[in-house]
Amino acid sequence: MADIVGIDHSLRCPGRLCKDPSSIGTFPHGGTDLGEALRIEFVAEQSTRPIIGEGYGGEPLDYIVRHQSPYLLCLMRGFPTEMMQLAFPGGSGSGSTATVSYPGAAAADAGYLASTRSVKLLFSPQDTTNQLAIVLYEAVPLFDESARMQMMITEELGMAVVFRALRTSGDAVCQIARLGSISL
């Protein structure tokens, strides 16, 4: 029963994101602090295809798992400079002088491979004893098509960012565990 998280810890999991961590020590784990996440969701998306039994009236008899493509959705608190530079290709500056240009590419730009901007991403929970950490070994920063920057009087300033996990050359995609058990 020692692995069960108490109700006082199970409903909230505050933490921060860091780019390219190199050690499990103290935050930012040898990497770059990307800021605090107001909300964070891990989505374990998977594509399946049914094997249909014609002799059973078209009933699915089994499923083939074609691929798994997890991603991390996060609502970043405020306007964290490093996160904005990572998420927006046209970001520049440092510290409190960050500038974001939108859409961030020249009108004649034919586009680019998102993987050229990939990073190793670690969600580091504030409570490293009771909460889980998540590492995406090759995370591509994207925006959800419906992403909006919260700039309301009733809400804290925040920006939604999506990190899609790509398969690395060693077939690693992501890992979810207590921070001390994560392999970087």
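**View 1. Which strand is Ser47 found in?**
Ser47 belongs to strand E2; helices (H or I, at least four residues) and strands (E, at least two) are DSSP runs, numbered from the N terminus. This is a predicted model, where local features need pLDDT of at least 70 and side-chain atom pairs count only at pLDDT 80 or more, while totals for chains, interfaces and linings use all residues. Residues are numbered from 1 along each chain as its sequence is written, and side-chain values use heavy atoms, with hydrogens and water left out. Ser47 has a relative accessible area of 16%, so it counts as buried (buried means under 20% relative accessible area, exposed over 50%, and partly exposed in between, using a 1.4 Å probe and protein chains only). Leaving aside its neighbours within four places in sequence, Ser47 is in contact (heavy atoms within 4.5 Å) with Ile64, Val65, Arg66 and His67.

**View 2**
Two strands pair if DSSP finds at least two bridges between them. Strand E1 (residues 15-19) pairs with E2 in the antiparallel sense, over 5 bridges. Look for Leu17 here: its bridge partner in E2 is Gly35. E2 and E3 also run antiparallel, joined by 16 bridges, and Arg49 stands opposite Ile64 in E3. These two strands, E2 and E3, form a hairpin with 5 residues between them. In the turn you can find Gly57, which has a positive phi of about 70°.

**View 2. Nonpolar residues gathered in cores.**
In soluble globular proteins, nonpolar side chains tend to be buried together. A nonpolar core is a set of buried Ala, Val, Leu, Ile, Met, Phe, Trp, Tyr and Cys residues joined through side-chain atoms within 4.5 Å. The largest such core here has 22 residues, and those with the most contacts inside it are Leu17, Met83, Leu121, Leu136, Val161 and Phe163. At least two residues of this core come from each of strand E2 (32-53), strand E3 (59-77), helix H2 (81-87), strand E4 (119-125), strand E5 (133-142) and strand E7 (158-165). A second, separate core has 8 residues, including Cys18, Ala133, Val135 and Tyr137.

**View 3. Where opposite charges meet.**
Side chains of opposite charge can pair when their charged atoms come close. The structure holds 2 salt bridges (a side-chain nitrogen of Lys or Arg within 4 Å of a carboxyl oxygen of Asp or Glu). In one of them, the side chains of Arg16 and Asp33 meet at 2.8 Å, N to O. This pair links distant parts of the chain, with Arg16 in strand E1 and Asp33 in strand E2, 17 residues apart. Arg16 is partly exposed at 30% relative accessibility, and Asp33 is partly exposed at 29%. Arg164 forms a salt bridge with Glu45, and their closest N and O atoms are 3.1 Å apart. Here Arg164 in strand E7 and Glu45 in strand E2 are 119 residues apart. Arg164 is partly exposed at 27%, as is Glu45 at 33%.

The structure holds 0 disulfides (pairs of cysteine sulfur atoms within 2.5 Å). Cys18 is buried, with a relative accessible area of 0%, whereas Cys174 is partly exposed at 28%. The predictor's confidence in each residue, from 0 to 100, is called pLDDT. Its mean for the protein is 78, and 74% of the residues reach 70 or more.
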